[in-house]
Amino acid sequence: MAITMTEAARAHVAKQLASRGKGIGIRVGVKTAGCSGMAYVLEFVDQAEAEDEVFDAGDVKLIVDPKSLAYLDGTELDFVKEGLNEGFAFRNPNVKNECGCGESFHV
C-alpha cells in the first residue's frame, strides 16, 4: 500500500513547512462528510504516531493513519493552479463517484 505526491505538491508542502518553522510533513486522511460520504483531510505533522504509515517524498513526508490508508492506497497528491485558484488535487483510483462540487467522494 502506498500514497505518493507530485513534485509540485512536494514543493508546496516544503515551502509551507519552512514558513511554519517546524514539521516533518503532511497528514493525509479521510473523514465521513459531504454529500457523497467521505472527504479528504490534510494537516501539518510535527511528529508521526507509532501506528502511522510514513511515505518519504524527498524532504517531506506523507503520513497516513492505517484506517485512511485503505481508502487512499494508490492515491497521488498534486498541487494545481487554475487561474486564480490553487489547491491540492487527489488522484485516487479507489473513488467510484464524487459529488457535484468535488468536495466529497464515495469508494
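This is a predicted model: local features need pLDDT of at least 70, side-chain atom pairs count only at pLDDT 80 or more; totals for chains, interfaces and linings use all residues.
Student: How do you know that the length of helix H1 agrees with its number of residues?

Tutor: Count along residues 7–20: that's 14 residues, and at 1.5 Å a residue they should span 20 Å. The end C-alpha atoms are 20 Å apart, so the two agree.

Student: Which residues of H1 are buried?

Tutor: Ala 9, Arg 10, His 12, Val 13, Ala 14 and Leu 17.

Student: What makes Tyr 40 and Phe 90 a stacked pair?

Tutor: Their ring centres are 3.7 Å apart, and a pair needs centres within 6.5 Å. The planes sit at 5°, and under 30 degrees counts as stacked. So stacked is the word for Tyr 40 and Phe 90.

Student: What does that pair tie together?

Tutor: Tyr 40 is in strand S3 (residues 37–45) and Phe 90 is in strand S7 (residues 85–91), so the pair links parts that are 50 residues apart in sequence.

Student: Why is Phe 79 with Phe 88 called edge-to-face?

Tutor: Here the centres are 5.3 Å apart, again within 6.5 Å. The planes make 70°, and over 60 is edge-to-face, so that's the name the Phe 79 and Phe 88 pair gets. The count comes to two aromatic pairs.

Student: What makes S1 and S7 edge strands?

Tutor: The open sheet has three strands in the order S1-S6-S7, with mixed pairing. S1 (4–5) and S7 each have a single partner strand, so one side of each is left without a neighbour in the sheet.

Student: How do you know that S1 and S6 pair?

Tutor: Pairing takes at least two bridges, and S1 and S6 (residues 76–82) have two, in the parallel sense. Thr 4, for one, has Glu 76 in S6 as its bridge partner. H1 packs on this sheet, touching S1, S6 and S7, and its direction makes about 80° with that of S6.

Student: Last one: why is Gln 47 called exposed?

Tutor: Exposed means over 50%, and Gln 47 has 64%, so it qualifies. Gln 47 lies in the loop between S3 and strand S4 (53–57). Gln 47 and Gly 25 are 22 residues apart in sequence and 8.6 Å apart in space, C-alpha to C-alpha.

How values were computed. Residues are numbered from 1 along each chain as its sequence is written. Side-chain values use heavy atoms; hydrogens and water are left out. Helices (H or I, at least four residues) and strands (E, at least two) are DSSP runs, numbered from the N terminus. The expected span of a helix is 1.5 Å times one less than its number of residues. Buried means under 20% relative accessible area, exposed over 50%, partly exposed in between (1.4 Å probe, protein chains only). Rings of Phe, Tyr and Trp (its six-membered ring) pair if their centres lie within 6.5 Å; planes under 30 degrees apart count as stacked, over 60 as edge-to-face and the rest as tilted. Contact means heavy atoms within 4.5 Å. Axes are lines fitted to C-alpha atoms, for helices over the stretch in contact, and angles run from 0 to 180 degrees between N-to-C directions.
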